[in-house]
Amino acid sequence: MHNVVILPALGDNYIYLYRYDGQRVFVVDPGDAGVVLENLQKHALDLTHVLITHSHGDHSAGAKKLKAETGATIFSPDSSAIRETDCDITDGQTLALPGSPVVVIGTPGHTSSAVCYYVPAGLDRPQPLLFTGDTMFIGGCGRIIGATARDFFDSLCRLKKLPDETLVFPGHDYTVENYEFALQVEPGSKVHEKRLAELRKISKQADMVPSSIGREKRENLFMQAGSAEEFAELRRKKDIFG
Ligand SMILES: [Fe+2]
């Protein structure tokens, strides 16, 4: 059970609305303002905060319009790239949002200043939540852009330390492709074969999410890499795979 509304956008992005305090929400990674505004209107929701994981446009381009239309406060790790940022956030900070504290986990790797947002368990959410942007996908991870494989490996190690029951909300839906890649790396794996068969039965895109830290530790090859070198080699193979 969770309070997160999943909004597929821009083809394969996910935008998330976290509903707290009745009709108030914060949004994570609004690459498209239109999708968000439509949902706010439809359900009479009040947007109070915008949380951005990294500067890429498909995660942040809607921030300007959302701020203009709703007056929401914008948090991001990169105010030089995202001009609408009200609060520059960094690793270890706890954002005292009404309804729930949100912990910023610095996870450089996909970009040098990428972060994940962690919402600890609370009264209205029995399991913690993690919004990962392009740091971790279900069964995969983002490309290395402007950081090093060591940075990325260290960031995934930090995520592994979160409670297994933490629900994972990634920035994209590359799930099927990631499990196809995993099966290529580990041919004949019953785990990957079984999961692919399950995934192929899912017709609604949003039903792919969430995953959990426990599942990612068991099934995500990038989370299982034993060293930065092993991670880098896996990432190179995935870049070629697609
Ligand atoms: Fe990205």
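The tour visits a pair of helices and then a cavity.

This is a predicted model, in which local features need pLDDT of at least 70 and side-chain atom pairs count only at pLDDT 80 or more, while totals for chains, interfaces and linings use all residues. Residues are numbered from 1 along each chain as its sequence is written, and side-chain values use heavy atoms, with hydrogens and water left out.

First select helix α4 (residues 149-160) and helix α9 (residues 228-241), whose axes come within 9 Å and cross at roughly 105 degrees. Helices here are DSSP runs of H or I with at least four residues, strands are E runs of at least two, and both are numbered from the N terminus. Axes are lines fitted to C-alpha atoms, for helices over the stretch in contact, and angles run from 0 to 180 degrees between N-to-C directions. Because angles of 65 to 115 degrees count as roughly perpendicular, that word describes α4 and α9.

Next, show the side of α4 that makes the contact (heavy atoms within 4.5 Å), namely Ala-149, Arg-150, Phe-152, Phe-153 and Leu-156, together with Ala-228, Glu-229, Phe-231 and Ala-232 of α9. By class, this contact has 7 nonpolar, no polar and 2 charged residues, where Ala, Val, Leu, Ile, Met, Phe, Trp, Tyr, Cys and Pro count as nonpolar, Asp, Glu, Lys and Arg as charged, and the others, Gly among them, as polar.

Finally, select β2 (13-20), β10 (129-133) and β13 (167-170), the elements that each give two or more residues to the lining of the largest cavity; β10 gives the largest share, 3 residues.

Note on methods. Parallel < 35°, antiparallel > 145°, perpendicular 65-115°, else oblique.
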